[in-house]
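Welcome, and please take a look at the structure below.

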Amino acid sequence: MNNHNENLKTGEKGAWLSIIAYIFLAILKLYFASVGNSEGLRADGLNNFTDIIASVAVLVGLKIARKPADSVHRYGHYRAESIASLFAAFIMMFIGLQVIFTAGQTLYASDYEQPDMLTAWVALFAAFVMLGVFSYNLKLAKKIESSALYAAAMDNRSDAFVSIGVFIGIIGAQFGLFWLDPIVAILVGLIICKTAWDIFKDSTVTLTDGFDYKKLDEMKENIRTFKNVRDVIDIKGRIHGNQELLDITISVDATLNVADSHAITEHIEDYLYKEYGINHALIHIEPYEEDKK
């Protein structure tokens with residue numbers, strides 16, 4: 001558990017990096033959008049202000065997840081990570097739909113203006129910054145196995161795509177292709193929505209105690225091969241934050257004493273930790289009955 005808390009604390013660095021980057025880029029984009037007459041860059045800047053909210057949600061989720069177990073939350077507060085991911089997904093979906101709607105209106109009304117070329121370079125610079133933040137957060141999320149930080153990383157990547165889309169649209173406008181800006185914006189909006197849906201789906205599966213049944217079947221078959229394990233009657237799994245919890249019922253010879261039966265459970269627990277990184281498995285033992293076979 002201590003290692004898990006240390007991982008969560010490490011994950012906060014990624015959330016802080018996102019927040020600082022978003023604040024800097026939002027101010028930069030809004031300023032140059034104003035002087036360079038770019039609606040796309042202005043929308044991108046406002047988008048970053050919205051992203052600050054999502055990043056703060058991730059940070060709060062990671063901090064709450066570090067709280068120790070109490071009389072109400074016996075398993076700790078690790079699911080706060082999943083809730084933060086869910087919140088980030090809603091924010092991203094809202095942004096994606098807003099981008100699509102705004103770009104669609106511009107395309108329908110043919111209300112085009114040529115922005116200053118400087119705004120294109122600002123958008124490209126912002127894209128490279130966010131790709132750097134995305135790379136850092138993705139590596140960190142995989143290292144500490146944080147769903148909330150992974151959601152933040154996907155949001156970082158989506159924002160980089162938005163800025164690249166703005167850059168392409170502004171470049172197109174320089175050559176009279178004024179319609180290119182809203183078309184690219186719609187495509188970027190669809191990418192954002194797809195990313196948000198993937199995060200939403202993963203978060204809801206976790207919060208509703210979903211688990212990979214193939215992984216359970218694999219563990220079940222392997223546990224059956226253990227010495228003195230006659231059968232695996234049942235195995236269930238659920239995810240608590242980024243921890244996997246298992247409930248397993250096995251049958252052993254009725255003649256085994258308590259000490260020998262306990263040794264079997266310890267053997268299974270060691271195996272689950274070494275092979276799958278699972279450090280919490282509740283193993284129930286029942287006497288094996290031959291007539292049921």
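Helix α5 (residues 147–174) and helix α6 (residues 180–207) have axes that come within 8 Å and cross at roughly 170°. That angle is over 145°, the cut-off for roughly antiparallel, so α5 is roughly antiparallel to α6. Please keep in mind that this is a predicted model.

**Helix α5 with helix α6**
- On the α5 side, the contact is made by Ala151, Met154, Arg157, Ser158, Phe161, Val162, Gly165, Ile168, Gly169 and Gly172.
- From α6 come Leu180, Asp181, Val184, Val188, Ile191, Ile192, Thr195 and Ile199.
- By class, the residues of this contact of α5 with α6 divide into 11 nonpolar, 5 polar and 2 charged.

**Helix α4 with helix α5**
- Helix α5 also packs with helix α4 (residues 117–144), at an angle of about 160° and with the axes 7 Å apart.
- That angle makes α4 roughly antiparallel to α5.
- The crossing of α4 and α5 is left-handed.
- Sorted by class, the contact of α4 with α5 holds 25 nonpolar, 5 polar and 2 charged residues.

**His240**
- You will find His240 in strand β1 (residues 231–240).
- His240 counts as buried because its relative accessible area is 10%, and the cut-off for buried is under 20%.
- Leaving aside residues up to four places away in sequence, His240 touches Tyr75, Gly76, Tyr78, Arg79 and Leu245.
- His240 and Glu81 are 159 residues apart in sequence, and their C-alpha atoms are 9.0 Å apart in space.

How values were computed:
Residues are numbered from 1 along each chain as its sequence is written. This is a predicted model: local features need pLDDT of at least 70, side-chain atom pairs count only at pLDDT 80 or more; totals for chains, interfaces and linings use all residues. Side-chain values use heavy atoms; hydrogens and water are left out. Axes are lines fitted to C-alpha atoms, for helices over the stretch in contact, and angles run from 0 to 180 degrees between N-to-C directions. Helices (H or I, at least four residues) and strands (E, at least two) are DSSP runs, numbered from the N terminus. Angles under 35 degrees count as roughly parallel, over 145 as roughly antiparallel, 65 to 115 as roughly perpendicular and the rest as oblique. Contact means heavy atoms within 4.5 Å. Ala, Val, Leu, Ile, Met, Phe, Trp, Tyr, Cys and Pro count as nonpolar, Asp, Glu, Lys and Arg as charged, and the others, Gly among them, as polar. A crossing is left-handed if the near helix is turned anticlockwise from the far one by less than a right angle, and right-handed if clockwise. Buried means under 20% relative accessible area, exposed over 50%, partly exposed in between (1.4 Å probe, protein chains only).
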